[in-house]
Amino acid sequence: MKIHKEGRRILFFTLLILVVLNLLLYHFNADNKTFNKIFSGVSVVLFLLILQFFRSPYRNLLLHEDLIVAPADGKVVVIEEVEETEYFKDKRKQISIFMSPINVHITRNPVSGIVSYFKYHPGNYFVAWHPKSSTQNERTTVVVESTAGPEVLFRQIAGAMARRIVWYVNEGDEVSQGEEFGFIKFGSRVDIFLPLDAEVKVELGQKTKGGQTVIAQLKTAPPTLFG
């Protein structure tokens, strides 16, 4: 277990501010020991909550070109056939994973391949499970031409708490399955859009682990795993 690079600056300044506040209280409010102890306890809990948010656990990544692995830790909240209007402009299977504040918020490439499209969209901050969040919230859209052939689209979507999306990919980049492509701070969602013939391997409400949980299998000939 290590601390993700996106959290180191935040954690440093949070710790510094909390230490200074506690020292000031113990100096100028020395007579109110009960309040000072409560404030110290709250400070420790707050710091630990932020610390766990930026944890980066070791993952034994699952690698296979036919398989779509979960791009994030969280819970499957959408499995449906939808019209994808930004890039494909046709029907696709959508799988959405909601990431609560207690989940690891690293986002990972669901497939290996070449990034054929990337776009950042500024937007609103509806709660991540709101239907409009996929098209109206702050978000990034990434399309990867997978090594198996089909293109796969996935989006980082900011939620009501998440106010900053970080990404590490650009058009033309070669990406590897399971590697980090970004980070979303404080609660969010990831959508994946697959060909209609892709076989979904998860159920609504199922919990996922980024880089490990198989969420779907692309149709190739012959099928390999889970065929």
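How many bridges join strand β6 (residues 106-108) to β12, and in which sense do the two strands run? Three bridges join them, and the strands run antiparallel; two strands are taken as paired if DSSP finds at least two bridges between them. The model is predicted, so local features are described at pLDDT of at least 70 and side-chain atom pairs at pLDDT 80 or more, while totals for chains, interfaces and linings use all residues. Residues are numbered from 1 along each chain as its sequence is written, and side-chain values use heavy atoms, with hydrogens and water left out.

The protein chain contains three helices and 16 strands. Helices (H or I, at least four residues) and strands (E, at least two) are DSSP runs, numbered from the N terminus. Of the 227 residues, 47% are buried; buried means under 20% relative accessible area, exposed over 50%, and partly exposed in between (1.4 Å probe, protein chains only). Among contacts with a separation of 6 or more, 71% are made by residues 24 or more positions apart, a contact being heavy atoms within 4.5 Å. The accessible surface of the chain is about 11,500 Å², and 60% of this area belongs to carbon and sulfur atoms. Accessible areas come from the Shrake-Rupley method with a 1.4 Å probe, and for residues only the protein chains shown count as cover.

Two spans, residues 10-28 and 34-54, carry the annotation "transmembrane region" in an unreviewed UniProt entry. UniProt positions are given in the numbering used here, feature names are shortened, and annotations may be inferred rather than shown by experiment. In the model, residues 10-28 are 100% helix and 0% strand, with end C-alpha atoms 27 Å apart. Residues 34-54 are 95% helix and 0% strand, and their end C-alpha atoms lie 31 Å apart. A nonpolar surface patch is formed by Phe12, Phe13, Leu16, Ile17, Val20, Leu21, Leu24 and Phe28, which together have about 790 Å² of accessible area. Patches consist of residues with over 30% relative accessible area and no salt bridge; like charges are joined within 9 Å, and nonpolar side chains (Val, Leu, Ile, Met, Phe, Trp, Tyr) within 5 Å. Leu21 belongs to helix α1 (residues 5-28) and is partly exposed, at 37% relative accessibility.

Strand β12 (residues 180-184) is largely enclosed by the rest of the structure, because four of its five residues are buried.

Seven bridges join β9 to strand β8 (residues 139-146) in an antiparallel arrangement, in which Val143 stands opposite Leu153. The two strands form a hairpin with four residues between them, and Gly149 in the turn has a positive phi of about 125°. Strand β9 also pairs with β13 in the antiparallel sense over six bridges, where Ala158 is the bridge partner of Ser188. Ser188 lies in β13 (residues 188-194) and is buried, with a relative accessible area of 0%. For this residue, the unreviewed UniProt entry lists "modified residue: Pyruvic acid (Ser)".

Side chains of opposite charge can pair when their charged atoms come close. The structure holds eight salt bridges, each defined by a side-chain nitrogen of Lys or Arg within 4 Å of a carboxyl oxygen of Asp or Glu. One of them joins Arg155 and Glu86 at 3.1 Å, N to O. This pair links distant parts of the chain, with Arg155 in β9 and Glu86 in the loop between β4 and β5, 69 residues apart. Arg155 is buried at 4% relative accessibility, and Glu86 is buried at 17%. Glu84, Glu86 and Arg155 are linked in a network of salt bridges. Another salt bridge, at 2.8 Å, N to O, connects Asp191 and Arg189, both of which are buried.

The loop between β4 (74-84) and β5 (90-99) also contains Lys89, which is exposed at 56% relative accessibility. Most residues other than glycine have a negative phi. The phi of Lys89, in contrast, is positive, near 55°.
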